[in-house]
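Please have the model at hand while reading.

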Number of protein chains: 2
Amino acid sequence: MSDLLIEDVLSGNPLAVSRSLTEVENDTAHGRQLLDQLFPHTGKAHLIGITGAPGTGKSTLVNALVRHFRRPPEGSPGRRIGVIAVDPSSPFSGGAVLGDRIRMQDLAGDPDVFIRSTASRGALGGISSTTSGMVEVLDAAGYELVIVETVGAGQAEVEIARLAHTAVVIEAPGLGDDIQTIKAGILEIADLLVVNKADRPDAHRAVRTLQNMLELPGTSARDRLHHGPGAVLPEEEQQPQGQLPRWEIPVLTTVATTGEGVAELAARIDAHREHLQQTGGWKRKEQDRIKSELDALLQRRLVDRWKSSPQSENYQLVLDQLVNRQISPQRAVDWLVKGKES
Amino acid sequence: MSDLLIEDVLSGNPLAVSRSLTEVENDTAHGRQLLDQLFPHTGKAHLIGITGAPGTGKSTLVNALVRHFRRPPEGSPGRRIGVIAVDPSSPFSGGAVLGDRIRMQDLAGDPDVFIRSTASRGALGGISSTTSGMVEVLDAAGYELVIVETVGAGQAEVEIARLAHTAVVIEAPGLGDDIQTIKAGILEIADLLVVNKADRPDAHRAVRTLQNMLELPGTSARDRLHHGPGAVLPEEEQQPQGQLPRWEIPVLTTVATTGEGVAELAARIDAHREHLQQTGGWKRKEQDRIKSELDALLQRRLVDRWKSSPQSENYQLVLDQLVNRQISPQRAVDWLVKGKES
């Protein structure tokens, strides 16, 4: 049964992919076994992280992008695309995905498109453990593009930057031009910037603001880190030919509802992949991502191991003393890890 | 020196508070020692989490709220207020807080207001470990209200909900009325909803949309969990008198730039504190928050302990094999935790 399923996943059988994603999302023993077997078949997909605040029209843009990649203009074959839409944590209900059915309607029935929503459960290490696994399932199943879509600004974006080869940050007019944008630090993780809803009158202002920010020193740190003049890379990472082509972060405009600008966005996403492959950035991002996944898994395993240790039996007692402020959190942890010493 | 500093922190000396916050933020040995000593003096402050997407005017509203609490209308004494503004992760530079100096200008010089920005570094467990500690410093230093402000939607909000007694979610017209809002799941963590920029023409629509959502089944899960008819609480938590007063989540309107609606928002924040104190919710939130902090500290300690174990010496070797797909992440972790068994 398990071997059969693996073969089915590798051949891209939608039902097998769907079942595997569920096992991985729920972190079952079977899911971990699947990932163990699928992992050697991963590493081929182009991972694209797409993130933006609520109200930027991000989901609509992702749908338009999927449609474009499925039906390229010049008669070339469409690529197989998987989408993992990470919904913000919903700690109590496990995530409301009311929008999910709505957005899938016009892509339903295409066997080469797979869209799955997942709740990032607010667990520590949330996005990087189960989402990484879900991406690996789609990668092994032969989806050539895997889009990971997140809402908001904050930790999720950083995780996306680690996870994806290409990080796309979506803005919209009226959001992109105030002080908050600077605070959000989004420019540091973006490989491509997109102003969606570009038919709104203040769109050009949002574009100009983003362009100005890109020219500020210190804002495009990621780019400098990877290719810029001040980059400090380990010797072995430096290419012998000296001057690497530098990736200029473009500020693109789209109107997701009409499809305007979507072809250009798709072309730039492809161009970024080629850039990464030519400069060694692909391999470097691969390493960063896998290291991040290893760290998250390791952390979880260490906690699980502790939970089955004798010290864990003191947990409730320690917590009660903590709530009553009889001990401090620092001493509570000492006690839980080493046993009581006082 | 250390004892002196503790006394200075407890008496609210701004320089001592500032230095303590820096030690705690940087997670130094001294910082951990300080927290250990300050912890018995915590538990008095009303913790208020305020969150909203970029562009909602959240920082301006927090400033207006601080001014209001400092200068209450009826001649009663102003309360001492601390603000921790959590900036989204900036993985490369450690967090750009360009807006910080701008926002502090009109409150500078008031010794009973303390505003500090901190970058949530994208570390696993980020917000809950250092931010909890920083809140404890302000609590111990006698700040009666401690506001924790976060940008975005996602994990940060969930952490805020755990951390705060009162969770305030800010919306703005044009953001609050699309499908993204439902996806963001913010209604599940809010004790108060605020539509800021309420002088915009479409403000009433945002208010109505939020009100409608509050009436949808399944959206105000937090409220139901705590007080509603479908609540399933442990026996011991159930109040003997049977019918607890239910907290109706209000949808308020403000114009932060003019101060309109700020007094009402402040009054509702106070009303929520009274509600919590009357219903036992205060203690329950306290327990949840402390448990969350303990879990984050424990996790970090377990990782630190592993790092000083002999198994950790295999880390680079295991990572290399993983990147080359010679082993799977699951086997890599097995090896790192238990030693190689194959």
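The model is predicted. Its largest nonpolar core holds 38 residues. Within this core, Leu294(A) and Leu294(B) touch the most other members. Helices H12 (281-307), H13 (315-323) and H14 (329-338) of chain A each give two or more residues to the core, as do H12 (281-307), H13 (315-323) and H14 (329-338) of chain B. Leu294(A) reaches across to chain B, where its contacts include Tyr315(B), Leu319(B) and Leu322(B). Leu294(A) also touches Ala332(B), Val333(B) and Leu336(B).

How do H14(A) and H12(B) pack? Their axes lie 9 Å apart, at an angle of about 50°. H14(A) is therefore oblique to H12(B). The crossing is right-handed. By class, this contact has nine nonpolar, one polar and five charged residues. The table lists the residues that meet.

| Helix | Residues in the contact |
|---|---|
| H14(A) | Pro329(A), Gln330(A), Ala332(A), Val333(A), Asp334(A), Leu336(A), Val337(A), Lys338(A) |
| H12(B) | Glu293(B), Leu294(B), Leu297(B), Leu298(B), Arg301(B), Leu302(B), Arg305(B) |

Now to H13(A). Its buried residues are Tyr315(A), Val318(A), Leu319(A), Gln321(A), Leu322(A) and Val323(A). These pack against H12 and H14 of chain A, and against H12 of chain B. Just after H13(A) comes Arg325(A), with a positive phi of about 60°.

Conventions. Residues are numbered from 1 along each chain as its sequence is written. Chains are lettered from A and ligands numbered from 1 in the order in which they are written. This is a predicted model: local features need pLDDT of at least 70, side-chain atom pairs count only at pLDDT 80 or more; totals for chains, interfaces and linings use all residues. Side-chain values use heavy atoms; hydrogens and water are left out. A nonpolar core is a set of buried Ala, Val, Leu, Ile, Met, Phe, Trp, Tyr and Cys residues joined through side-chain atoms within 4.5 Å. Buried means under 20% relative accessible area, exposed over 50%, partly exposed in between (1.4 Å probe, protein chains only). Helices (H or I, at least four residues) and strands (E, at least two) are DSSP runs, numbered from the N terminus. Contact means heavy atoms within 4.5 Å. Axes are lines fitted to C-alpha atoms, for helices over the stretch in contact, and angles run from 0 to 180 degrees between N-to-C directions. Angles under 35 degrees count as roughly parallel, over 145 as roughly antiparallel, 65 to 115 as roughly perpendicular and the rest as oblique. A crossing is left-handed if the near helix is turned anticlockwise from the far one by less than a right angle, and right-handed if clockwise. Ala, Val, Leu, Ile, Met, Phe, Trp, Tyr, Cys and Pro count as nonpolar, Asp, Glu, Lys and Arg as charged, and the others, Gly among them, as polar. Lists of a residue's contacts leave out its neighbours within four places in sequence.
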